[in-house]
Amino acid sequence: MISFNDISKLFSKNLEGKFCIEIEFLIKEELTYQSCWMGKMPDREDKEKEVYWYGLVPDGSEAYDYDNFGDFSSASVFHGKSLKEIWEKVEILSIDGCNPEDLLLS
């Protein structure tokens, strides 16, 4: 299992205005959230800024953007709970298209 601390470290990396982080995940025992994405990317208008984002359902109706990791990880977007609160139920499927354990342990 990937710890919340590991994800925090991953999201703290500097994107240098040109890189992105994309994480595919699901929430165990939660039918609504079986095909979710979260990530970090340079702001489209100001490359010095970074956007933290969620795309929680395929139709795009639960998509959210944040200016910082604190707001992103504490936003109550999972049926009134935050990423921090539900972390034990999060299953990371891929990080930037790679096996999460291989990527984080390398």
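Select Glu50 to begin: with a relative accessible area of 21%, Glu50 is partly exposed. In these terms, buried means under 20% relative accessible area, exposed means over 50%, and partly exposed lies in between (1.4 Å probe, protein chains only).

The model is predicted, so local features need pLDDT of at least 70 and side-chain atom pairs count only at pLDDT 80 or more, while totals for chains, interfaces and linings use all residues. Residues are numbered from 1 along each chain as its sequence is written, and side-chain values use heavy atoms, with hydrogens and water left out.

**Stop 1: the salt bridge**

Glu50 and Lys40 form a salt bridge, with their closest N and O atoms 3.1 Å apart. Lys40 is in strand E2 and Glu50 in strand E3, so the pair ties together parts that are 10 residues apart in sequence. Helices (H or I, at least four residues) and strands (E, at least two) are DSSP runs, numbered from the N terminus. A salt bridge requires a side-chain nitrogen of Lys or Arg within 4 Å of a carboxyl oxygen of Asp or Glu; the structure holds one. Lys40 is buried, its relative accessible area being 1%.

**Stop 2: the sheet**

Display the strands next. Five of them form an open sheet in the order E4-E3-E2-E1-E5, with antiparallel pairing. Strand E4 (63-66) and E5 are the edge strands, each pairing on one side only. On average, neighbouring strands of this sheet are turned by 20° against each other, direction ignored. Two strands pair if DSSP finds at least two bridges between them; E2 and E3 pair in the antiparallel sense over six bridges. Select Gly39 to find its bridge partner in E3, Trp53.

Now show helix H1, which packs on the sheet and touches E1, E2, E3 and E5. The direction of H1 makes about 155° with that of E1. Axes are lines fitted to C-alpha atoms, for helices over the stretch in contact, and angles run from 0 to 180 degrees between N-to-C directions. Contact means heavy atoms within 4.5 Å.

**Stop 3: the nonpolar core**

A nonpolar core is a set of buried Ala, Val, Leu, Ile, Met, Phe, Trp, Tyr and Cys residues joined through side-chain atoms within 4.5 Å. The largest one has 28 residues, and those with the most contacts inside it are Ile23, Phe25, Met38, Tyr54, Phe72, Phe78 and Ile92. Among the elements that give two or more residues to this core are helix H1 (4-12), strand E1 (21-27) and helix H2 (69-74). E1 gives the most, with four residues.

Move to Ser73, in helix H2. Ser73 counts as buried, at 2% relative accessibility. Leaving aside residues up to four places away in sequence, Ser73 touches Phe4, Tyr54, Ser82, Leu83 and Lys84.

**Stop 4: the aromatic rings**

The structure holds 14 aromatic pairs. In one, the ring centres of Tyr33 and Phe78 are 5.5 Å apart and the planes lie at 80°, so the pair is edge-to-face. Rings of Phe, Tyr and Trp (its six-membered ring) pair if their centres lie within 6.5 Å; planes under 30 degrees apart count as stacked, over 60 as edge-to-face and the rest as tilted.

Tyr33 is buried at 1% relative accessibility, and Phe78 is buried with a relative accessible area of 4%. To finish, select the cluster linked by ring pairs, whose members include Phe4, Phe25, Tyr33, Tyr54, Phe72, Phe78 and Trp87.
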